[in-house]
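Welcome! Take a look at the model below, and then we will walk through a few of its features together.

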Amino acid sequence: MRAIWSPSKLALPVLLCACILEAGEGRGLVIGTNTYRGASERDQLHFCEKDADDVAEYLRAKQGFQDVTVLKSPAGGEIEKALVALAERAATGDRVFVYYSGHGVQVKDASGDEGDKLDEALLGSDLKPIIDDRLGQLVAAIVARTPDVAVVFDCCFSGTAMKAFGTGTPGTEASYFRAKYTRTEDFGDLGEAEVNTVVRRVNESASGTGSSGGQAPVDGSQGGYVFLAAASEYEVAFEYEARRQSAFTHYFLQGLGDGKADLNGDGVVTFEEMRQYTQAGLAQAGLPQPQHPTLEGQRSGASLQPLF
């Protein structure tokens, strides 16, 4: 049985480039949802709001962001309004960071543009899904104002048939983790939905390009957007009980805070380095099921710390 990780303190960022910080405003939208109204008790999450607080603190304290909106357990409409407002505030040269921790779902494809007949969606606390087509439009509106946009999702991308959050016998390694998975029969009008995260269609809607994950084409000479997801398609993303964080977010912040994600030692953490770092950490964490972060967009080689 793997031992529980010992606490580690977050150190100062690897590199803080004043010229980048002064190029434009830092604007963040950080969302964490624990409570899903009308869903069963087992379908509630526990640490997503803390994830949001921790990410917001990083953006303010380490990246110098002055404009950071934090939403805790917002309804679907509130998430949409916040993305619209973010696009309205954004201007050329701004750095934009969007983070979501909570449930993701798949719903039946109404437009017929999905080969698997399922649309990906984020799930509001009111159980209203924000379909990938709509999410793509909202993010594309931000990219139209400033190309330096990063989106990070910490939620499931799973088509599995897990039936409970707690997996494993109490006191065993598996019991330290809770899957961010939910039965959709509890969600009424959603129909046959499965837990999932939203990455692919946002990328396609914004640029007409995309990749299947891993290392995407790099364009370091110009601005662009990048999407980092906590799990690959059909995988479950986990909350980590001992850390009181989501497992991916734990490694994400750890890699930024103490510089361990700077894999080549050049003083800069890129998105691709972060994907590799979080994947390695999750592989060693003793999760009940594998969880492989994925990366899409033109700028996998762009700097995550400092942001762009």
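## A buried serine

Let us start with serine 101, which counts as buried because its relative accessibility is 0%; buried means under 20% relative accessible area, with a 1.4 Å probe and protein chains only. Serine 101 belongs to strand β3, and its side chain makes a polar contact of 2.8 Å with the side chain of aspartate 51. A polar contact is a pair of N or O atoms within 3.5 Å, where one must be able to donate a hydrogen and the other to accept it, and residues adjacent in sequence count only if both atoms are side-chain atoms.

This is a predicted model, in which local features need pLDDT of at least 70 and side-chain atom pairs pLDDT 80 or more, while totals for chains, interfaces and linings use all residues. Residues are numbered from 1 along each chain as its sequence is written, and side-chain values use heavy atoms, leaving out hydrogens and water.

## One face of α2

Asp51 is one of the buried residues of α2, which also include Cys48, Ala52, Val55, Ala56, Tyr58 and Leu59.

## The largest core

The largest nonpolar core has 39 residues, and Leu59, Phe97 and Phe252 are among those with the most contacts inside it. Such a core is a set of buried Ala, Val, Leu, Ile, Met, Phe, Trp, Tyr and Cys residues joined through side-chain atoms within 4.5 Å.

Technical notes: Buried means under 20% relative accessible area, exposed over 50%, partly exposed in between (1.4 Å probe, protein chains only). Helices (H or I, at least four residues) and strands (E, at least two) are DSSP runs, numbered from the N terminus.
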